[in-house]
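Student: I have a structure open on my screen and would like to learn how to read it. Could you take me through it step by step?

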Amino acid sequence: MTTGEAAARWRSGISLRTHGVYAALGIVIAFNLLFTPNFATVTNVRLQLVQVTPIVVVALGMAVVVATAGIDLSVGATMALAAATLAATIDRGPAIAIAIALLVGVLAGLFNGVLVGVVRIQPIVATLGLFIAGRGFALMIADGRLTEIFDPTIRSIGTKRLVGGFQAGVFVALSLTVIIGVLVRYTVFGKRVVAIGGSPDAARTAGLPVRPSLILVYALSGGLAAVAGVLATARSGAADPSFVGLLIELSAITAVVVGGTPLAGGEIRVMGTVAGALLMQLIFATLIRHDLSDADARMVQALIIVAAVYIQRGRLR
Amino acid sequence: MTSDIVARTPGDPPLGDIAAPASFGSVTSLIRQSAAGVVLMIVVLLGVILFGSKFANTGNFSNLAVASSFLAIIAIGMTFVIISGGIDLSVGSMYALAAVLAAYSSRWGSVAGIVVPIVTCAVIGFVQGSLIGKLGMPPFIVTLAGLLFARGLAFKVSDDGNTTHLIDRDRWMTNLGQERVLGVGVPVWIALTLFGGGLVLLNRTRLGQAVFAIGGSEDASVLMGLRVARVKIILYTITGLLGGLAGMLVAARSSSGLSTIGGGLELEAIAAVVIGGTLLSGGAGGLTGTLTGVLLLGVIQNLINQVGTLRSFHQQVVSGLFLIMVVTAQTIVGRREQS
């Protein structure tokens, strides 16, 4: 993509298709400010942000994967792997345990990346393998049990309030958003990701390192999933491989797509992804607050996904 | 992979004796299709050697067949959708929804208990197919929304999961899940019948040819004058219907409808289809492979159950690694064949 094209894309880029998510987010927030009592309280804002943190972190990696026309179904299982590893290695001290947990996530991602980039298995099948096996591995590590973590450092990551009363996880998510944003917009790697998604054959013909880039992309997704796994474990004070990150791949994919990144690849919207995650979280919270049941809230979410993709459908093929 | 779908005008009569789709002809897809069968034989042999008559007895095989029949019914529909180049993520939720609806509506009699879930799931499938076929929305997202919607509806019918509806013991619909005919469970007969019907539909009818053509090249199919949108609507309606049927059967088997069942079943079905040699990119594949894939997953689970000390998560690990190995082998063999 030349700078001229980028500029042209930027000029023509502001539309309901690409920026509708911000409008929708604005509408939901406005609705809540008007009609939901105790919405604009610090406590509630904190709660919503803490709850959405793991989804945002996972969705950032997913957005990069989707930009390469891929998909990563294994992120929830990777979260479970990271959580189980964290609990298993906590005796060696929190820093080492976290490092090992993150490493395991990156390794899981590398594995996916090799299957997609080198063996050239379709991403959905390649990551389906770890989707099924990963949580099993995590349960093997944890001997099928929930493991409480008493380490004070890990606990404080999840509970201690920092600036503005927000827990560390919120700041981690924020920093990662900035890092990924810079990565995709200003680095060669980011441009390669988009080029590969746009046309893998063209990227290969142009001499781009498609294989290493793909491996790196899935490693990044695995690493971010591990971060989410550590954060979720720290927040709940226990590693629960059966349930941590369960179905988060669906939430993450939803956030990415609602945020304006087409599943067909070749494009990425980092801020849109974060906005997409916030939007789905707020919609869910709003519906629950207005006495809709969990079941109804899911159904409404489904309709919103369809509507969002309907608006974007011009770009999806 | 050589894409050698024979271009046929839609007006042609269904192929007679040479009905097997041309894609089966190439050596590559022959290897891909039979790989799962070979592995299945090895795994069964392994089971016989390791566990002897504890594994190889009619009672165990009969249980295995019934346990696999629900996934088989769902995987049949999934095979059609995947060959057409699509995907259906909603079937696991449809399965749960159908189970809940079957138990709920059995209060009005067995006919209602059977018809309501199947029709509801078929309607949801029809809506998904319309969004995909008519509006050109991506199947992955549409059926992801369907997954959420159907699961939400299942929870709604069961009061957010707080109520588990039961099927009264004297309703005859429970026979569909619990009875045996000629020593084989009714769900198995239903799955086998659908498998036979599916084989005919896929390999001997115009619809089947259209499914292969659309999966091979959608643009070419449009140019050939195939009614792509209509075919897609039919396919997603069928997968919904089959998901509903499987859920109804499982409710009949357990005399209850649980809203939490079937999580991840869609991915298990996809795994079975892929292990069976059907390409996720569409245009090639078959139902025999899918049935082999379903049985393979079932046998692995059964063998792990035989080892008393192993737990369900061990089965996940084995199944997942298995999927990766089979697909890796298929991909590498396929590439070598091509070059």
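This is a predicted model: local features need pLDDT of at least 70, side-chain atom pairs count only at pLDDT 80 or more; totals for chains, interfaces and linings use all residues.

Student: What is chain B built from?

Tutor: Its secondary structure comes to 13 helices and 4 strands. Of the 339 residues in chain B, 54% are buried. Look also at how contacts link the sequence: among those between residues at least 6 apart in chain B, 79% join residues at least 24 apart.

Student: Why does B:V39 count as buried?

Tutor: Because 20 other C-beta atoms lie within 10 Å of B:V39, and 20 or more is the cut-off for buried.

Student: How do I read a helix?

Tutor: An α-helix has 3.6 residues a turn, so residues three or four places apart point the same way. Take helix 14 (residues 294-312) of chain A: its 19 residues reach 27 Å from first C-alpha to last, close to the 27 Å expected. Buried residues in helix 14 of chain A include A:A295, A:R298, A:A302, A:I305 and A:V309.

Student: How many residues of helix 12 of chain A are buried?

Tutor: Helix 12 (residues 248-258) of chain A is mostly covered, with 10 of its 11 residues buried. Among them are A:I248, A:E249 and A:V258. After helix 12 of chain A comes A:G260, with a positive phi near 100°.

Student: Which residue other than glycine has a positive phi?

Tutor: One of them is A:A69, with phi near 65°. You will find A:A69 in the loop between helix 3 (42-67) and helix 4 (75-89) of chain A. A:R120 also has a positive phi, near 65°, and sits in the loop between helix 5 (94-117) and helix 6 (123-141) of chain A. A:R120 counts as partly exposed because it has 16 C-beta neighbours inside 10 Å.

Student: What about the nonpolar residues?

Tutor: In soluble globular proteins, nonpolar side chains tend to be buried together. Here the largest nonpolar core has 213 residues, and A:V58, A:A59, A:A83 and B:I74 touch the most other members. Helix 11 (residues 210-236) of chain A gives the most to this core, 15 residues. Leaving aside neighbours within four places in sequence, the contacts of B:I74 include B:V91, B:Y95 and B:L265.

Student: How many residues of chain B are in contact with chain A?

Tutor: 38 residues of chain B are in contact with 38 residues of chain A. Helix 13 of chain B supplies the largest share of chain B's side, 13 residues. That side divides into 25 nonpolar, 9 polar and 4 charged residues.

Notes. Residues are numbered from 1 along each chain as its sequence is written. Chains are lettered from A and ligands numbered from 1 in the order in which they are written. Helices (H or I, at least four residues) and strands (E, at least two) are DSSP runs, numbered from the N terminus. The expected span of a helix is 1.5 Å times one less than its number of residues. A residue is buried if 20 or more other C-beta atoms lie within 10 Å of its own, exposed if 12 or fewer, and partly exposed in between; C-beta atoms are placed from the backbone. A nonpolar core is a set of buried Ala, Val, Leu, Ile, Met, Phe, Trp, Tyr and Cys residues joined through C-beta atoms within 7 Å. Two residues are in contact if their C-beta atoms, placed from the backbone, lie within 7 Å. Ala, Val, Leu, Ile, Met, Phe, Trp, Tyr, Cys and Pro count as nonpolar, Asp, Glu, Lys and Arg as charged, and the others, Gly among them, as polar.
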